[in-house]
Amino acid sequence: MWSREDAGRPAPLDEKQYPALAAEWEPGLPALPCCETEPRPAYRLRQFQIVECRRCGTARVDPRLRAPVRLERIYNRPDYFTRPAGRRPFFQPLRHAIWRRLVSLYQHPDAQQRRADFIQRFVPAERPVRFLEIGCGPGKLLRALADRSPQWDLTGIDPSEVAARACREAGRRVFTGTVEEVDLAGERFQAVCAWNVIEHVDDPRRFLEWIMVHLEPGGHLFLHTPNYGGLMRRLYGTRWFEFKPEYHLYYFTHPGLTRLLETVGLRRVYPERVRWIDDAGHQIRMVAQRQLSAPGGRREPRAGVERP
Ligand SMILES: [Zn+2]
């Protein structure tokens with residue numbers, strides 16, 4: 001059985017399962033985005049391994065598939081947004097049914113409406129707001145926001161042409177590509193939402209730097225991502241259902257994500273204080289705010305800014 005002590009070099013490629021995979025690895029991965037530590041091996045998942053930061057626990061996949069392979073095989077599959085998520089523990093449907101029932105007692109039973117409720121706790125629903133959703137998929141959240149706040153100016157970005165097409169057919173303004181491929185020409189937003197996105201991106205720090213360029217001072221960033229520090233990962237280990245090394249490239253903890261946000265000039269405003277229940281949870285839901293005036297005369301962020 002695989003244990004932490006066995007972790008070392010990645011296992012030889014399984015040619016039967018992934019023919020010609022060797023040509024599909026991305027060479028030279030960026031450093032971990034959080035702390036300046038040498039990562040330690042944590043898990044092996046088939047021919048992938050998970051390495052984690054010794055200080056804050058943020059983890060990433062190593063090695064990983066090249067971006068064009070991920071786009072073609074995964075995101076452009078017509079069923080990417082509809083097929084059930086990977087292997088799940090057998091009692092999970094029951095657990096989810098109970099959870100949904102409990103949630104519906106005090107929150108909206110529809111997930112997109114709950115997201116919209118959450119966003120509008122921070123951003124006034126009645127004012128005109130420029131809102132950007134990165135990874136908008138087929139546009140369910142944009143639709144929920146358009147229905148409740150018609151004066152909001154809504155924009156979406158998604159790397160999947162399949163998803164972007166569905167959005168455009170619904171009349172939304174959507175760009176196809178990753179954030180670095182999309183040219184918004186200095187456009188700024190009061191709120192940016194990236195729900196279950198940051199675990200997919202090639203370089204989370206560059207991703208956040210791009211957001212800083214397009215976020216107004218005082219604007220809010222909404223992030224949602226699996227919690228690598230949570231109980232589920234600790235209980236399930238290699239069978240944790242968020243381990244999807246073909247496309248979940250990074251796995252965050254509360255301290256790691258908070259630190260990363262701070263390095264680009266964002267301040268966490270939710271959760272105000274990370275309680276044990278947040279830390280044990282299956283997901284990280286975090287809101288950060290761009291400071292009105294940058295402390296210490298920090299320069300305005302620019303596109304393509306060099307790392308410190
Ligand atoms: Zn770290």
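Mentor: Start with Ala 194. Leaving aside residues up to four places away in sequence, Ala 194 touches Ile 134, Gly 135 and Leu 223. Keep in mind that this is a predicted model.

Now place Ala 194 in its core. The largest nonpolar core has 60 residues. Ala 194 is among those with the most contacts inside it, together with Phe 131, Leu 145, Val 192, Ile 211 and Leu 221. Strand 7 gives this core its largest share, six residues. In general, nonpolar side chains tend to be buried together in soluble globular proteins.

Next, follow the strand. Strand 7 covers residues 189–195 and runs parallel to strand 8, residues 215–226. Six bridges join the two.

Seven strands form an open sheet, and their order is 6-5-4-7-8-11-10. The pairing is mixed. Strand 6 (173–176) and strand 10 (266–270) are the edge strands, each pairing on one side only. On average, neighbouring strands are turned by 20 degrees against each other, with direction ignored.

Two helices to look at pack on this sheet. Helix 5, residues 161–169, touches strand 5 (153–158) and strand 6. The direction of helix 5 makes about 165 degrees with that of strand 6. Helix 8, residues 254–264, touches strand 10 and strand 11 (283–290). The direction of helix 8 makes about 135 degrees with that of strand 10.

After helix 5 comes Gly 171, with a positive phi near 85 degrees.

Finish with helix 4. Which of its residues are buried? They are Leu 141, Leu 142, Ala 144 and Leu 145. Seen down the axis, these buried residues fall within an arc of 160 degrees, so they line one face of helix 4. They pack against helix 3 (111–119), strand 4 (130–134), strand 5, helix 5 and strand 7. That brings you back to the core: Leu 145 is one of the residues with the most contacts inside it, and so is Ala 194.

Technical notes. Residues are numbered from 1 along each chain as its sequence is written. This is a predicted model: local features need pLDDT of at least 70, side-chain atom pairs count only at pLDDT 80 or more; totals for chains, interfaces and linings use all residues. Two strands pair if DSSP finds at least two bridges between them. Helices (H or I, at least four residues) and strands (E, at least two) are DSSP runs, numbered from the N terminus. Axes are lines fitted to C-alpha atoms, for helices over the stretch in contact, and angles run from 0 to 180 degrees between N-to-C directions. Two residues are in contact if their C-beta atoms, placed from the backbone, lie within 7 Å. A nonpolar core is a set of buried Ala, Val, Leu, Ile, Met, Phe, Trp, Tyr and Cys residues joined through C-beta atoms within 7 Å. A residue is buried if 20 or more other C-beta atoms lie within 10 Å of its own, exposed if 12 or fewer, and partly exposed in between; C-beta atoms are placed from the backbone. The arc is that of the directions from the helix axis to the C-beta atoms.
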